[in-house]
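Reader: I have a new structure to read. Can you take me through it feature by feature?

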Amino acid sequence: MSLTLKARTAEEIMTPGPTSLAATATVTEATEFLTARGFGDAVVIDDAGRPVGVVTKTDVLVHARQRAPGLEPDDTPVTEFMTPAVFA
């Protein structure tokens, strides 16, 4: 079975009005954000609106596993465990 992409530009296939997390968001806020929207990941942006990384459900789970149990709430900023942006 062959799949053909009929879009000619990125604009034709991108999601309008993408949502993102602030770099100052905590792991608790990131978890609530991802869960409420049913997302597996979210772009993390700085104060100027530039992407600085991506936080994924896996990032959150790995972070939670590495923490000592019973410590609530988790106010660790997402920038400490997110996947940093890579620009080529």
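Reader: How many aromatic pairs does the count come to?

Author: First, a caution: this is a predicted model. The count comes to 1 aromatic pair. The rings are those of Phe33 and Phe39, with centres 6.1 Å apart and planes at 70°. Planes over 60 degrees apart count as edge-to-face, so this pair is edge-to-face.

Reader: Does Phe33 count as buried or exposed?

Author: Buried means under 20% relative accessible area. Phe33 has 10% relative accessibility, so Phe33 counts as buried.

Reader: What elements does the chain have, and how do they run?

Author: The chain has 2 helices and 4 strands. From the N terminus on, the run is β-α-β-β-α-β.

Reader: How do I read the sheet? What order do the strands have?

Author: Start with the general idea. Strands of a sheet pair through backbone hydrogen bonds, either parallel or antiparallel. Here the sheet is open, has 4 strands in the order E1-E2-E3-E4, and shows mixed pairing. Strand E1 (20-22) and strand E4 (83-84) stand at the edges. Each has a single partner strand, so one side of each is left without a neighbour in the sheet.

Reader: How many bridges join E3 to E4?

Author: Strand E3, residues 51-56, is joined to E4 by 2 bridges, and the two run antiparallel. Look at Val54: Thr83 in E4 stands opposite.

Reader: Where does helix H2 lie?

Author: Helix H2, residues 57-66, lies across E3 and E4. Its direction is at about 70° to E3.

Reader: Now the core. Which residues touch the most other members?

Author: A nonpolar core joins buried residues through side-chain atoms. The largest one here has 14 residues. Leu21, Ala42, Val44, Val55, Val60, Val78 and Phe81 touch the most other members. Helix H1 (27-37) and strand E2 (41-45) are the elements that give two or more residues to this core. H1 gives the most, with 4 residues.

Reader: What is Leu21 in contact with?

Author: Leave aside neighbours within four places in sequence. Leu21 is then in contact with Ala30, Phe33, Ala42, Val43, Val44, Ile45 and Val55.

Notes
Residues numbered from 1 in each chain as written. Predicted model: local features only at pLDDT ≥ 70, side-chain atom pairs only at ≥ 80, totals over all residues. Heavy atoms only, no water. Phe/Tyr/Trp six-rings, centres within 6.5 Å; stacked < 30°, edge-to-face > 60°. Buried < 20%, exposed > 50% of the residue type's maximum accessible area, 1.4 Å probe, protein only. Core = buried A, V, L, I, M, F, W, Y, C linked by side-chain atoms within 4.5 Å. Contact = heavy atoms within 4.5 Å. Pairing = 2+ DSSP bridges. Axes fitted to C-alpha atoms, helices over the stretch in contact; angles between N-to-C directions.
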